[in-house]
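Hi,

Here is the structure I promised to pass on. My notes on it follow below.

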Amino acid sequence: MDPETLELKMAEAVLSETPKLEQGLTLLKIIAAVAPLMGLLGTVTGMIITFQAITIFGAGDPKAMAGGISSALVTTVLGLLVAIPTVLLHTVVNGRSQRIIHVLNEQATGIVAEHSERAHN
């Protein structure tokens with residue numbers, strides 16, 4: 001096999017393995033992006049409940065406002081508790097997959113170079 005054909009075959013092999021190495025990264029990225037938005041949605045909902053309580057009972061009753069404020073803060077915290085570790089996990093997994101892909105490319109290039117050297121000698 002000539003070096004050009006071997007190089008194309010090796011590149012094809014690396015490309016066919018790349019999706020397997022990057023599997024699940026998109027899902028992690030989506031979860032990391034959506035979790036804080038869900039927390040924000042809960043925050044807005046909690047604040048709406050709080051403002052409705054103020055409208056009905058006035059600002060003098062802290063118990064009427066506490067439920068809405070509590071749900072606003074809880075959803076914010078939960079959104080961040082999901083998003084922060086997911087972003088970290090995505091970063092670690094993505095870094096590992098990129099390193100493996102880099103090693104595969106290096107090895108493929110080395111094999112092609114070695115084959116080319118043998119062909120010329």
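What radius of gyration does the protein have, and what would a compact globule of 121 residues have? The protein has 27 Å, whereas the globule would be near 14 Å (taken over C-alpha atoms, with the globule rule being 2.2 Å times the number of residues to the power 0.38). Along the principal axes, the C-alpha atoms fill a box of roughly 90 × 15 × 15 Å.

Before you dig in: this is a predicted model, where local features need pLDDT of at least 70 and side-chain atom pairs count only at pLDDT 80 or more, while totals for chains, interfaces and linings use all residues. Residues are numbered from 1 along each chain as its sequence is written, and side-chain values use heavy atoms, with hydrogens and water left out.

There are three helices and zero strands, in the order α-α-α (helices being DSSP runs of H or I, at least four residues, and strands runs of E, at least two, numbered from the N terminus).

As for burial, 23% of the 121 residues count as buried (under 20% relative accessible area, 1.4 Å probe, protein chains only). The largest nonpolar core has five residues, Leu6, Met10, Val14, Ala108 and Val112 (a core being buried Ala, Val, Leu, Ile, Met, Phe, Trp, Tyr and Cys joined through side-chain atoms within 4.5 Å). Two or more residues each come from α1 (3-21) and α3 (62-120), with α1 giving the largest share, three.

Leaving out residues up to four places away in sequence, Val14 touches Leu104, Asn105 and Ala108 (heavy atoms within 4.5 Å).

Cheers

Terms used. Buried means under 20% relative accessible area, exposed over 50%, partly exposed in between (1.4 Å probe, protein chains only).
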